[in-house]
Amino acid sequence: MLEDELKKQYLDLLAEKYDSEEKVATEIINLESILELPKGTEHFVSDLHGEFHAFQHVLRNGSGNVKSKIHDIFGYRISEDEINELIALVYYPEDKLKLIKSNFNSKEERCIWYERTIPQLLEIITYTSSKYTRSKLRKALPQQYVFIIEELLYKSNKYNNKNSYYQNIMQQIIKLNQADKLIISLANTIQRLVVDHLHVVGDIYDRGPHPDKIMDTLIDYHSVDIQWGNHDVLWMGAYSGSKVCLANLLRICARYDNLDIIEDAYGINLRPLLTLAEKYYDDNPAFRPKKHPEKKPSESERLQITKIHQAIAMIQFKLEAPIIKRRPEFDMDERLLLDRVNYNDNTLNIDGTSYSLENTCFSTIDPKNPTALLDEEQEVIDRLLASVQESEKLRRHVDFLMKKGNLYLRYNGNLLIHGCIPVDENGEMEGMEIDGRFLSGCQLIDSFEDHVRYAYDHIEQQDDISTDLVWYLWTGKYSSLFGKRAMTTFERYFISDKATHKETKNPYYHLREDEEMVKKMLSEFSIDPEQGRIINGHTPVKERDGENPIKANGKMLVIDGGFSKAYQSTTGIAGYTLLYNSFGMQLVAHQQFNSKENVLKTGEDELSIRRVVDKELERKLIRDTNKGQDLQKEIELLKELMSYRYMK
């Protein structure tokens, strides 16, 4: 009865919007027709790792989609040089306009170029919007030029009555100095139209220099979702009150010489940490920052970063211990390494073997209580957390991650997940106890997400199970984001024997090569195992060693090929992206993005050959998508409204 009453109230509210039978019928006709349009193009990217310029380029070119469509339209009509000029103009309209205009010898020459180029851009818009409704296209157009663009897009001169009208529109655009602004608007519209929806399959943060700029871009993007990566959860955890997450992200920023993200981008004051570091630490080769592609620090700056790196690393190791001790269900006692160090001779016993510790920085450690923070360290981490939670920009970015993000997503019959689904060697779902319940598979990951959201909603709470689980997602053996048995950060800093650095991967990473195993995992998440796929990030694909990103007979696609420059020496490429349109899927490999200057000069793109993942036997329509399901629900409600209100 209650459900019937609620439906009645909803239909009454709906009737206020559609207050006549004709309006209801019109909307039903509209939605039913939309269902028969081809599905829009989905664009998948992953593991951006702060590489804003490379990401922005991929976004501007739609992983080669813009170039492909320009070739479709003009391939046999204009020269290759003219095509490349047009491609560069669409990618970087402001910069390309400056270059082109600098070569004009006269005003007349410039006008001729405008009169040729604007119709070309309009033709590209006509082509790229051909599977959209006029209403959707109108929303994509720059509002200040909607009238002009629509008149030129839909011009009809069947009876020769409008020649002067259309010519005058073009002449007035040029005469009133609006041509450049219009061209920029048209180029940006093309970029928007070639991709209907963007999926970011994790890891926006860490390693690269500009994750904040990526976040600002995503906030302004027309349609996007995010599957949280382990590095994203680290930042979310820091904002949500996890001091150990905060220490980890600061350590990574120091390691990659990206502390200006903390100070300049997010306005977090690192002076207290520097003061502590200057007091207790000196130079240390194990903690010197990695070379940064955009910066060359002076010796004094490098030394400061090295000291900060040591100070925050030791705070991190100390903060981990209380969590491990109060959460036996995390099963991480083997990571209580500070408690096991022999401080008399600086050795550590691991699995029966004694290792000498090198490049140590134990000046703040009390051997009798090695995991206790100094009062100064406690004050520093408290002040840093307060500064993080007071950062308006970081709050806005984390808010967006929470609003648009999840640990996994079912979308158009596919499973999008950054890391892994924890399994054992036999392919059985692995799990752990949370809140007194043993959870595995989909239930485990759902519980992880519930706790991430609870920690975010209660940032004043610290050291509770939710905040601890956010950190566990970063480093725990049954974490769906980490996907390894242990994180050997301590060993990498202090032990030279690389055998101790090994981080054993979850069996998921070799079992995902097996088609039946992938189908089993799809079923676990209530996805059709015959039609669906898993789309994965997190682990760089070593194409140089012959690794194939298409696994399990096409049921598993791994699209982290290494946007991050830190990975490219081992992967041999600069990232994979994925396109999924109504005709099927294509995987795109990218060469290293050097600069937009080369694109501006030549129009050439850092893309390698697209690889067809599959080809749809029947072209997919909106009816076959998540959006189509939502529209069908709307249609059913409207039909109920028609019967309830207008056909009694």
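Reader: Of the contacts with a separation of 6 or more, what share is between residues 24 or more positions apart?

Author: The share is 72% in this protein. Contact here means heavy atoms within 4.5 Å. The model is predicted, so local features need pLDDT of at least 70 and side-chain atom pairs count only at pLDDT 80 or more, while totals for chains, interfaces and linings use all residues. Residues are numbered from 1 along each chain as its sequence is written, and side-chain values use heavy atoms, with hydrogens and water left out.

Reader: How many helices and strands?

Author: There are 27 helices and 16 strands. Both are DSSP runs numbered from the N terminus: helices are H or I with at least four residues, strands E with at least two.

Reader: Now cavities. How many of 30 Å³ or more turn up?

Author: Four, in a search of the whole structure. On a 1 Å grid over the protein atoms alone, a cavity is a set of points where a 1.4 Å probe fits but cannot get out; a pocket is an open set with protein on both sides within 12 Å along at least five of seven lines; lining residues have an atom within 4 Å of a point. The largest cavity has a volume of about 220 Å³. Among its 19 lining residues, Phe317, Glu320, Ile324, Arg335 and Met487 are the closest to the centre.

Reader: How is a volume defined?

Author: It is the space filled by probe spheres set on the grid points, which are joined across faces, edges and corners.

Reader: Which helix gives the most to the lining of the largest cavity?

Author: Helix 17, with five residues. Helix 21 (465–475) and helix 22 (489–494) also supply at least two each. By class, the lining has 11 nonpolar, five polar and three charged residues. Ala, Val, Leu, Ile, Met, Phe, Trp, Tyr, Cys and Pro count as nonpolar, Asp, Glu, Lys and Arg as charged, and the others, Gly among them, as polar.

Reader: Lys307 lies in helix 17 too. Buried or exposed?

Author: Lys307 counts as buried because its relative accessibility is 11%. Buried means under 20% relative accessible area, exposed over 50%, and partly exposed in between, with a 1.4 Å probe and protein chains only. Beyond residues up to four places away in sequence, Lys307 touches Ala277, Glu278, Tyr281 and Asp282.

Reader: And where is Ala372?

Author: Ala372 sits in the loop between strand 5 (353–356) and helix 18 (375–389). With a relative accessible area of 29%, Ala372 is partly exposed. Leaving out neighbours within four places, Ala372 contacts Lys318 and Glu377.
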